[in-house]
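Please look over the structure below with its strand pairing in mind. The briefing begins with one pair of facing residues and then widens to the chain as a whole.

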Amino acid sequence: MGTIFYGGGGTAVHIEDRALAHLKVVISTKLRRGESFTLSWQHPENQPRGRSTLWLHPAIPLRFVFDDAEPTKLSREWIERLAESANSSGGIMLVPEDIAPAEDAPKR
């Protein structure tokens, strides 16, 4: 389980290492461009039910910490889905790697 430390108070957000590695690529790209955006996720089962959102801004301190010493192999498709959501008005919505975007879902 990796951690994002955000802001001067070091707010800790725990995210699975593989997901965090993918988020790091998208978040770093957006912040490097000077762009602000939101990051939202559903709370894990071991936390109270609900969801959270962070406002990410280039001037706010941010640190990624991974439990695994070795970098994970990245999925281009997952990064692209996260990047597409980052560019939307809703910001990045962290979804599991195997969930297809809504427009790709089978029609009934």
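This is a predicted model: local features need pLDDT of at least 70, side-chain atom pairs count only at pLDDT 80 or more; totals for chains, interfaces and linings use all residues.

**Strand 1 and its partners**
- Strand 1 also pairs with strand 2, which covers residues 11-15, again in the antiparallel sense and here over 5 bridges.
- Strand 1 comprises residues 2-6, and because 4 of its 5 residues are buried, the strand is largely enclosed by the rest of the structure.
- As a general point, the side chains of a regular strand alternate between the two faces of the sheet.

**Order of the elements**
- The protein chain contains 2 helices and 6 strands.
- Read from the N terminus, these elements follow the order β-β-α-β-β-β-α-β.

**Burial, contacts and surface of the chain**
- Of the 108 residues in the protein chain, 33% are buried, where buried means a relative accessible area under 20%.
- When contacts between residues at least 6 apart in sequence are considered, 54% of them join residues that are at least 24 apart.
- The protein chain has an accessible surface of about 7,300 Å², and carbon and sulfur atoms account for 52% of that surface.

Terms used: Residues are numbered from 1 along each chain as its sequence is written. Side-chain values use heavy atoms; hydrogens and water are left out. Buried means under 20% relative accessible area, exposed over 50%, partly exposed in between (1.4 Å probe, protein chains only). Two strands pair if DSSP finds at least two bridges between them. Contact means heavy atoms within 4.5 Å. Accessible areas come from the Shrake-Rupley method with a 1.4 Å probe; for residues, only the protein chains shown count as cover.
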